[in-house]
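Let us walk through a protein model, one piece at a time. Keep the 3D view open as you read.

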Amino acid sequence: MSASALRVVYAEDEPLVRDTAAEMLRELGAEVSVCKNGAEAVLLCLTVNPDVALLDLSMLGMDGFDGARRIRANDVVTGRRIRLVALSGRTPGYEAQARTAGFDEFLRKPITGE
């Protein structure tokens, strides 16, 4: 992995989705750290110092909304704003809620590349 590789934290509680997406990101040259809920994403963001964090909104334990709020609170402490991308198969109202929680972008699943 090169020193300039994009550092990504990817939080998804479905193992097959998580592993497949992480492998695709790695094939594109990203350095990917994976986890299964928002609490783990918060910890990874503090230790890995990623460029971007992709968080599923509906996860067991701490969901992506709460994870984003905590990551944003940590941005104040670390002095570095991590770009946050919300991932969800549910759309009515979720995009607005995601932006309120601190996400920069919202992607609908499944992601098709179109």
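In helix 2, the buried residues include Gly38, Ala41, Val42, Leu44 and Cys45. Buried means under 20% relative accessible area, exposed means over 50%, and partly exposed lies in between (1.4 Å probe, protein chains only). Helices (H or I, at least four residues) and strands (E, at least two) are DSSP runs, numbered from the N terminus.

This is a predicted model: local features need pLDDT of at least 70, side-chain atom pairs count only at pLDDT 80 or more, and totals for chains, interfaces and linings use all residues. Residues are numbered from 1 along each chain as its sequence is written, and side-chain values use heavy atoms, leaving out hydrogens and water.

Back to helix 2. Where do its buried residues pack? They pack against strand 1, strand 2 (31-35), strand 3 and helix 3. The face turned away from the buried side of helix 2 carries the exposed residues Leu43 and Thr47. Contact here means heavy atoms within 4.5 Å.

Now look at the ends. At the start of helix 2, a side-chain oxygen of Asn37 reaches to within 3.0 Å of the backbone nitrogen of Ala39. That is a polar contact: a pair of N or O atoms within 3.5 Å; within protein, one must be able to donate a hydrogen and the other to accept it, and residues adjacent in sequence count only if both atoms are side-chain atoms. After helix 2 comes Asn49, with a positive phi near 55 degrees.

Next, the core. In soluble globular proteins, nonpolar side chains tend to be buried together. A nonpolar core is a set of buried Ala, Val, Leu, Ile, Met, Phe, Trp, Tyr and Cys residues joined through side-chain atoms within 4.5 Å. The largest one here has 23 residues, and Leu55, Leu57, Leu84 and Phe103 touch the most other members. Helix 2 gives the most to this core, with four residues. Apart from this core lies another, of nine residues, among them Val8, Ala22, Val52 and Val85.

Finally, find the rings. The structure holds one aromatic pair. Phe65 and Tyr94 form it edge-to-face, at 5.6 Å centre to centre and 65 degrees between the planes. Rings of Phe, Tyr and Trp (its six-membered ring) pair if their centres lie within 6.5 Å; planes under 30 degrees apart count as stacked, over 60 as edge-to-face and the rest as tilted. Phe65 lies in helix 3 (residues 64-78) and Tyr94 in helix 4 (residues 94-101), so the pair ties together parts that are 29 residues apart in sequence. Both Phe65 and Tyr94 are buried.
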